[in-house]
Amino acid sequence: MREISVDLGQKSYPIFIGEDLLESDSLLDSVIKTKQVMVVTNTTIEQLYLSKLKQSISKFNPATTIIPDGETYKTLEVMNRIITGLLENKFGRDSYLIALGGGVVGDMTGFAAACYQRGVSYIQIPTTLLAQVDSSVGGKTAVNHELGKNMIGAFYQPTAVIADVGVLKTLSDRELSAGLAEVIKYGLIRDSEFFSWLESNMEKLLERDTNALTHVIERSC
């Protein structure tokens, strides 16, 4: 496992990168500082990884909120389901939300965390390459409005980001390519050495080689 620190003073947080991190009880225990935990995920990721995560954090007896899968559902109305779940479970200001999913889940969960009781903690567990190298890092949270994308939101930093490289094995080729396109952009913009490395290792990345993907996520972050 590799660890990067996002240095933001009092708002600093770690990014953990490695394989099978969803099964690491000790890692999850180290970043959750409360007994009130809610996992937010979507209907697709629910079938793939929710039970694995819940088993790893079973000592917290986590609540869950399941939202529909897709950008169409990135709205205030759907985000309100997360808020309702927190209220129904009587979650206080020491609550932790866990965003298990891609960019839509991460954005909505982070914005809900920013809003609930004027701010509670949340952890990003991104399940797409694009989310692992982009949307889960930097505290960008938002929902869409019918008149514009990401028009309602806040910059609100997570407590931690846990990038499990193993979950990328279930990505579609299209979703993997979307993440790699973002990574290539980083190389073109400011890192010629990284861009050269990508040219030499693209076949490994397309084959989802664990070491190659771990390097890409670490360098991008």
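## Basis of the model

The model is predicted, with local features requiring pLDDT of at least 70 and side-chain atom pairs counting only at pLDDT 80 or more, whereas totals for chains, interfaces and linings use all residues. Residues are numbered from 1 along each chain as its sequence is written, and side-chain values use heavy atoms, with hydrogens and water left out.

## Overall fold

The secondary structure of the chain comes to eight helices and nine strands, where helices (H or I, at least four residues) and strands (E, at least two) are DSSP runs numbered from the N terminus. The radius of gyration, taken over C-alpha atoms, is 17 Å, close to the 17 Å that the globule rule (2.2 Å times the number of residues to the power 0.38) gives for 221 residues, so the chain is as compact as a globular protein of that length. Along the principal axes, the C-alpha atoms fill a box of roughly 50 × 45 × 35 Å.

Of the 221 residues, 52% are buried, a class that means under 20% relative accessible area, with exposed meaning over 50% and partly exposed lying in between (1.4 Å probe, protein chains only). The chain exposes about 10,800 Å², and carbon and sulfur atoms supply 48% of that area, as computed by the Shrake-Rupley method with a 1.4 Å probe. Among contacts (heavy atoms within 4.5 Å) between residues at least 6 apart in sequence, 74% join residues at least 24 apart.

## Helix α2

Helix α2, residues 43-56, has 14 residues and reaches 20 Å from its first C-alpha to its last, close to the 20 Å expected when 1.5 Å is multiplied by one less than the number of residues.

The buried residues of α2 are I45, Y49, L50, L53 and S56, and they pack against α1 (25-31), β3 (37-42), β4 (63-67), β5 (96-101) and β6 (121-126). S56 counts as buried at 8% relative accessibility; leaving aside residues up to four places away in sequence, S56 touches L22, E23, S24, D25 and L28.

In helix α8, residues 210-220, the buried residues are A212, L213, T214, V216, I217 and S220, and what covers them includes β1 (2-6), β2, α5 (129-135), β9 (160-164), α6 (173-190) and α7 (192-206). D209 caps the N-terminal end of α8, with a side-chain oxygen 3.2 Å from the backbone nitrogen of N211.

T141 is placed in strand β7, residues 140-145, and counts as buried at 5% relative accessibility. A polar atom of the T141 side chain lies 2.7 Å from the backbone oxygen of A154.

## Positive phi in two loops

Most residues other than glycine have a negative phi. D20, in the loop between β2 (13-18) and α1, has a phi near 60° and is partly exposed, with a relative accessible area of 43%. N61, in the loop between α2 and β4, has a positive phi of about 45° and counts as exposed at 67% relative accessibility.

Conventions
A polar contact is a pair of N or O atoms within 3.5 Å; within protein, one must be able to donate a hydrogen and the other to accept it, and residues adjacent in sequence count only if both atoms are side-chain atoms.
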